[in-house]
Amino acid sequence: MSETKAMIDMQHITMRYGDLTVLNDISLQIAEGSKTVIIGPSGAGKSTLLRCMNLFEKPYSGTVSVNGMMLTNQKNKVLYKARQEIGMVFQSFNLYAHKTVLENLTFAPILLRHESKESVTARAMENLEKVGLAAKKDSFPSQLSGGQQQRVAIARALTMRPKVILFDEPTSALDPEMISEVLKIMEDVAKENITMVFVTHEMGFARHIADRLLFLEGGHIIEDDTPENVIEHPRNERTKQFFGKILKSN
């Protein structure tokens, strides 16, 4: 990690909800330009860890910095500025229902970064071309399939020109036939020099896309290695049990 810049630096992150400790003293660095996948059983704290990276969830204790900017214990104005470098793609799309596809992409750069409508629109159209939806620029989200809405959400994240994109189970709300089209788009985006962190249950995708695989269990990172080593040669008995069930079901 010393040779590569840490784009995300989390130190001693603990997250509690009442008496329930979801994350327990996690320290983690994500290298610039890397592709990291977080996996584990339900309730392990995967989405909570991801959402702590942009402080959508505020940790009970610990610090988070992104691209050298400290996010924890900052006033809202500083936090909003830092978040402009962090795109996020949710499982539920989170598109503005009353705005067209193109307006969904251009709204934030114009409002938050005060960019010109012309330059943002040109960039937005380039990103819609990337996800194969330029022809849908004047459509509303309700007129799109779930897979198309998620591709729009990815294009929206790219239009902000983020340093980091976080993906929170982006295919879990999709019908099976729509999953492959979204996975393909994410694979294409991963070729760009953007730091990407995924929470996903798609093991084939994780194996193919990630240079690093984290396995969470009980609020702890119990495996941290390449996808091949974690999946094929797990060191922890709990990980072996998890993959034993997953691979058997497939």
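**Helices and sheets in a predicted model**

Reader: Hi! Which residues are buried in H6?

Author: Happy to start there. In this predicted model, the buried residues of H6 are Met 178, Ile 179, Val 182, Leu 183, Ile 185, Met 186 and Val 189. Looking down the axis of H6, these buried residues fall within an arc of 160°, so they line one face of the helix.

Reader: Nice. And which exposed residues does the face turned away from the buried side of H6 carry?

Author: That face carries Glu 177 and Ser 180, both exposed.

Reader: How far does H6 reach from its first C-alpha to its last?

Author: H6 covers residues 176-189, which makes 14 residues, and reaches 21 Å. That is close to the 20 Å expected at 1.5 Å a residue.

Reader: What about Glu 181: what is its relative accessibility?

Author: Glu 181, which is found in helix H6, has 26% relative accessibility and counts as partly exposed. The cut-offs explain the label: buried means under 20% and exposed means over 50%, so a value in between is partly exposed.

Reader: Which residues is Glu 181 in contact with, leaving aside neighbours within four places in sequence?

Author: Its contacts are Gly 147, Gln 148 and Arg 151.

Reader: Speaking of H5, where does it pack?

Author: Helix H5 (residues 146-159) packs on a sheet, where it touches S6 and S7. The direction of H5 makes about 175° with that of S6.

Reader: OK, tell me about that sheet. What is the order of its strands?

Author: The order is S6-S7-S8-S3-S9-S10, an open sheet of six strands with mixed pairing. The edge strands are S6 (86-89) and S10 (220-225), and each of them pairs on one side only. On average, neighbouring strands in this sheet are turned by 20° against each other, with direction ignored.

Reader: And S6 with S7, parallel or antiparallel?

Author: Parallel: S6 and S7 (residues 164-168) pair over four bridges. As one example, Ile 86 stands opposite Val 164 in S7.

Reader: How many bridges join S1 to S2?

Author: Eight bridges join S1 (residues 6-17) to S2, and the two strands run antiparallel. Tyr 17 has Leu 20, in S2, as its bridge partner.

Reader: Back to helices. Which residues are buried in H4?

Author: In H4 the buried residues are Val 120, Arg 123, Ala 124, Asn 127 and Leu 128. Seen down the axis of H4, they fall within an arc of 145°, so these residues line one face of the helix. Helix H3 (101-113) and H5 are among the elements that cover them.

Reader: And which residues are exposed on the other side of H4?

Author: Glu 118, Glu 126 and Glu 129 are exposed there. Glu 126 has a relative accessible area of 52%. The C-alpha atoms of Glu 126 and Thr 159 are separated by 8.8 Å, although the two residues are 33 apart along the chain.

Reader: What follows H4?

Author: Gly 132 does, with a positive phi near 75°. H4 itself has 14 residues and reaches 20 Å from first C-alpha to last, close to the 20 Å expected.

Reader: Zooming out, how many helices and strands does the chain come to?

Author: Nine helices and 10 strands. The radius of gyration is 18 Å, close to the 18 Å from the globule rule for 250 residues, so the chain is as compact as a globular protein of that length. The C-alpha atoms fill a box of roughly 55 × 45 × 40 Å along the principal axes.

Reader: Last one: what percentage of the residues count as buried?

Author: Of the 250 residues, 52% count as buried. As for contacts with a separation of 6 or more, 65% of them come from residues 24 or more positions apart.

How values were computed
Residues are numbered from 1 along each chain as its sequence is written. This is a predicted model: local features need pLDDT of at least 70, side-chain atom pairs count only at pLDDT 80 or more; totals for chains, interfaces and linings use all residues. Side-chain values use heavy atoms; hydrogens and water are left out. Two strands pair if DSSP finds at least two bridges between them. Axes are lines fitted to C-alpha atoms, for helices over the stretch in contact, and angles run from 0 to 180 degrees between N-to-C directions. Contact means heavy atoms within 4.5 Å. The expected span of a helix is 1.5 Å times one less than its number of residues. Buried means under 20% relative accessible area, exposed over 50%, partly exposed in between (1.4 Å probe, protein chains only). The arc is that of the directions from the helix axis to the C-beta atoms. The radius of gyration is taken over C-alpha atoms; the globule rule is 2.2 Å times the number of residues to the power 0.38.
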